[in-house]
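Trainee: I would like to learn how to read pockets and interfaces in a model. Could we go through them in turn?

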Amino acid sequence: MSAETVGFIAIVIMLVLMMLRIPIAISMAVPAVIGILFLGNETVLFTAVESIIFDHSFNYTLSTIPLFILMGEMLSVTGISSELYASFRTWFGRLKGGLGMATIGASTLFAAASGSSLANTGTIGVMASKEMLRYGYSKSLTGGSIVAGGSLGILIPPSTVLIIYGMLTEQSIGKLLLAGIIPGIMLATCFIVTIYLIAVVKPEMAPTIEEKSTWKERFISLKSTIMVFIIFAIVIGGMFLGWFGPTEAAGIGAFSAIIIAMIKKKLTWTNFLETVVRTTRTAGFIYATVLCAFVFNYLLTISKVPILVSTTITSWDIPHYLTFLFIVLLYLFLGAVMDSIAAIVITIPFIMPIMLSMGHDLIWFGIIIVLLVEAALISPPYGMNILILNGVVPELKIGTIYKGALIFLLPILFMILVLYLFPNLALFIPDKMF
Amino acid sequence: MIITKVIDRSTSIIKWISMICLLFMVLATFVGVVFRMFGVPIIGNDEIVAIFQVFLIMFSLAFAQSEDRHITIGIIVDNFPTKVQVMIDRIGYTVTALFCFLVAYIFFKAGYHNLTEFHEKTLLLEFPHYFLKFITCLGFFLWGMEAVNRIIKSFLGLVKQVSQLEKEVSG
């Protein structure tokens, strides 16, 4: 049996195991172990497993993940998200669709402190839904705005998904994180424009609020945003200026978040422990998936399957934009049936050579991947943001949220098109990095 | 059952160790940056963080398993009858346990070789590799044991369900 055949059989076994609800990590590791044993021998298997797991566990850069997760979790308990929402409400509240805009604004700023779209959705969702529903906003627009805003959590730095992508593709984590800034701000603006257009076309979905806020109130409300800007400036600014690397930035961010929580007197012993427990648990399943993905990638490398796939696709001589369109559709499909991290770790070994052969920049492609993951997060049937929002606000039914979220897929697809045409929008800031 | 209690207790202990390691990672990173900015870099600070990370990773794997938090795709199995789901999950736990015990064995051998023959150490702090490899062995072993624990608990849970059903029928 040829090496390529073994590789393909391993992929099929992996997919079967995944569909049997076996953890993604184990679904990748088991066929990898069998495949390596088949292509090599016991010594090769033992050496490969030992060196891959040990080298990556003892990898300084990988520690960026739990540190950023802790930073986001810690800031969640400070109540900063409700302050951000209140601040944006005083600024946008009276505009058409103003509360929806406030939801996007607060989600955007909270994304700058949290690397997770799920945390973003869960935290902003509770207060935003209360306000929007109280003022007569339709349930679908309420749900759609919250999950769309929540999805920004993985695009605006820090972003766990981008860090994992960077590890798998061996790209600079710092550059990847910085690359998300401009597309993140642009996408938030697109979401706001979408909400405004909905409010203009169907005013009954977003009634205008009569309450007025004075300019003094507006400026006073901005003080809540200062903390986020300080953390963002230290963490992302420090990386941009070359003061420290991504891991150090994450450590500084986590430490600053603990200090902020103490200053705001929101840090009790109980919620401190809960935060650390949640971070440890999340780190556990992310590490397991990443380590096993590396073992599986080793099998793919020795079976030469990724090279075979990329040379076959490039030999078809089809236009680049069609290949790119195929990849976009592939990720939209995968995102609809599986977890985003799983979709990335499984596909990157195949997609990366194709992207390189097409002459695309992998930093740019990281942002494209994240945008596709964002689309998946708000699409049926596996839209995690929707499930999370339904979990924290049961009043918003899953079907209603899906209905409201669909319209927000348009700005995401629009952003992908814009980035395809103007890749420098993503690469501008990383190229200026010190 | 005593074995489930022992595994639960072990997972609880390693959960605390991994939490402490996480906090040490934050502290080490922060202190490292501050000292470097004052012109007094801490030699091997990166290695300190990486060593704590090995502990965090290895001990958080079993903890995540104990709460069934490893990423799974339930799009098909979620629609099956409960008894079929339980059966499939048991197969999943068995596969998980087998893989973890294999990795634990590999790292036990590697650690033993490092201890007796190679004497590999980290570059700056000269921290022995065998220690980290034994920790990796322990981490995967406990992950495997936690998977075994889930199998036992699933059987116990099913026994309870059946007896409950029997009670309802007889009642």
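Trainee: How do the residues of the lining of the second largest pocket divide into nonpolar, polar and charged?

Mentor: In this predicted model, the lining of the second largest pocket has 13 nonpolar residues, eight polar and one charged.

Trainee: What is the volume of the second largest pocket, and which residues lie nearest its centre?

Mentor: Rolling a probe the size of a water molecule over the atoms shows where empty space is left. Here the volume comes to about 520 Å³. Its lining counts 22 residues, and nearest the centre are A:Leu168, A:Glu170, A:Asn297, A:Thr301 and A:Met352.

Trainee: Which helix of chain A gives the most to that lining?

Mentor: Helix 15, with five residues. Helices of chain A that each supply at least two residues also include helix 3 (42-57) and helix 16 (305-315).

Trainee: What about the largest pocket: what volume does it have, and how many residues line it?

Mentor: The volume of the largest pocket is about 930 Å³. It is lined by 34 residues, with A:Ser116, A:Leu118, A:Ala119, A:Thr282 and A:Phe285 nearest its centre. By class, that lining holds 15 nonpolar, 13 polar and six charged residues. Among the helices of chain A that each supply at least two residues to it are helix 4 (64-77), helix 7 (117-134) and helix 15 (269-303).

Trainee: Now the interface. What area do chain B and chain A bury between them?

Mentor: The size of an interface is often given as the accessible area lost when the parts come together. For chain B and chain A the figure is about 5400 Å², with 79% of it on carbon and sulfur atoms. On the side of chain B, the residues that lose the most area to chain A are B:Ile71, B:Ile73 and B:Phe99, together 15% of what that side buries. The contact draws 59 residues from chain B and 55 residues from chain A.

Trainee: How many salt bridges and polar contacts are there between chain B and chain A?

Mentor: There are five salt bridges between the chains. One of them joins B:Arg36 to A:Glu248, with the closest N and O atoms 2.5 Å apart.

Trainee: Which helices of chain B each supply at least two residues of the side that touches chain A?

Mentor: Helix 1 (2-37), helix 2 (45-66), helix 3 (82-118) and helix 4 (129-170) of chain B do. The residues of that side are 37 nonpolar, 13 polar and nine charged.

How values were computed. Residues are numbered from 1 along each chain as its sequence is written. Chains are lettered from A and ligands numbered from 1 in the order in which they are written. This is a predicted model: local features need pLDDT of at least 70, side-chain atom pairs count only at pLDDT 80 or more; totals for chains, interfaces and linings use all residues. Side-chain values use heavy atoms; hydrogens and water are left out. Contact means heavy atoms within 4.5 Å. Buried area is the accessible area (1.4 Å probe) that two parts lose on being put together, summed over both. A salt bridge is a side-chain nitrogen of Lys or Arg within 4 Å of a carboxyl oxygen of Asp or Glu. Helices (H or I, at least four residues) and strands (E, at least two) are DSSP runs, numbered from the N terminus. Ala, Val, Leu, Ile, Met, Phe, Trp, Tyr, Cys and Pro count as nonpolar, Asp, Glu, Lys and Arg as charged, and the others, Gly among them, as polar. On a 1 Å grid over the protein atoms alone, a cavity is a set of points where a 1.4 Å probe fits but cannot get out, and a pocket is an open set with protein on both sides within 12 Å along at least five of seven lines; lining residues have an atom within 4 Å of a point. Grid points are joined across faces, edges and corners, and a volume is the space filled by probe spheres set on the points.
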